[in-house]
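Look at the model below before reading on. The briefing covers a surface patch, a pair of strands and some aromatic rings.

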Amino acid sequence: MIKKIILSVVVLGISAGLVYGGVYRTIARTETEEKVNQSERNLSNSQRKSEEGTQGQGENRTSSSNGQQGGKNRSESDHVASGEESKGMVSFTGTVTQVNEDLLVILSEKGNEIVIENRAWWFATDAGFSAGIGDSIALNGFYEAVDKYEVSYIENLTKGVEVQIRKGSGRPLWAGNGRGA
């Protein structure tokens, strides 16, 4: 009789674990799909804005060898050099909530937390970019994975400082010691 009780408890425990795992996985997939859908909406909005901006303005933005760019008030399509294949660019604006030598954390207007860290952040600071808590920031980038946002361009709207971090194809400007190799 005790064997049956123990066996029933074990089977019940395994069943409960499987049900919990299924529910957890379903919730995780739903959240991931919501992020993808939001990214697609942002992408379509940014493409629409990009098309409107290129029709209204014939100016091009050029990058210098250190990654900084000149000019302001141009469409985000200007951040991608002509002739380069562009990944699905997604733009965000937000406010700096944390900054140190290793990372920059931005809370977007939509409530997403965007973290720029390691090589991308070090490259941006070496190129002259700076930010402080409370600064307004504009980002242009793409999703490498569903939840991994890679920044291509960053602009501090408060200080007027901007830096190109990646090419339109997604290749980091720090790769190959700046030789583009």
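In which sense do strand S5 and S6 pair, and over how many bridges? Strand S5 (residues 148-156) pairs with S6 in the antiparallel sense, over four bridges. The model is predicted, so local features need pLDDT of at least 70 and side-chain atom pairs count only at pLDDT 80 or more, while totals for chains, interfaces and linings use all residues. Residues are numbered from 1 along each chain as its sequence is written, and side-chain values use heavy atoms, with hydrogens and water left out.

**Strands S5 and S6**

- Strands are DSSP runs (E, at least two residues), as helices are (H or I, at least four), and both are numbered from the N terminus; two strands pair if DSSP finds at least two bridges between them.
- Four residues lie between S5 and S6 in their hairpin, and Gly-160 in the turn has a positive phi of about 75°.
- Ile-154 has Val-163 in S6 as its bridge partner.
- From strand S6 (residues 161-164), Val-161 and Val-163 point one way, Glu-162 and Gln-164 point the other way, and all are buried.
- In a regular strand, side chains alternate between the two faces of the sheet.
- Buried means under 20% relative accessible area, exposed means over 50%, and partly exposed is in between (1.4 Å probe, protein chains only).

**Nonpolar patch**

- Ile-2, Ile-6, Val-10, Ile-14 and Leu-18 make a nonpolar surface patch of about 520 Å².
- Patch residues have over 30% relative accessible area and no salt bridge; like charges are joined within 9 Å, and nonpolar side chains (Val, Leu, Ile, Met, Phe, Trp, Tyr) within 5 Å.
- A salt bridge is a side-chain nitrogen of Lys or Arg within 4 Å of a carboxyl oxygen of Asp or Glu.
- Ile-14 is found in helix H1 (residues 2-56) and is exposed because its relative accessible area is 52%.

**Aromatic pairs**

- The whole structure has five aromatic pairs.
- Rings of Phe, Tyr and Trp (its six-membered ring) pair if their centres lie within 6.5 Å; planes under 30 degrees apart count as stacked, over 60 as edge-to-face and the rest as tilted.
- Tyr-20 and Tyr-24 are stacked, because their ring centres are 6.3 Å apart and their planes are at 20°.
- These two residues, Tyr-20 and Tyr-24, are four residues apart in helix H1, so about one helical turn separates them; both are exposed.
- Phe-123 and Trp-174 form a tilted pair, at 5.7 Å centre to centre with 50° between the planes.
- This pair links distant parts of the chain, 51 residues apart: Phe-123 is in helix H2 (residues 118-126) and Trp-174 in the segment after S6.
- Phe-123 counts as buried because its relative accessibility is 16%, and Trp-174 is buried with a relative accessible area of 16%.

Methods. Areas by Shrake-Rupley, 256 points an atom, 1.4 Å probe, with all protein chains shown as cover.
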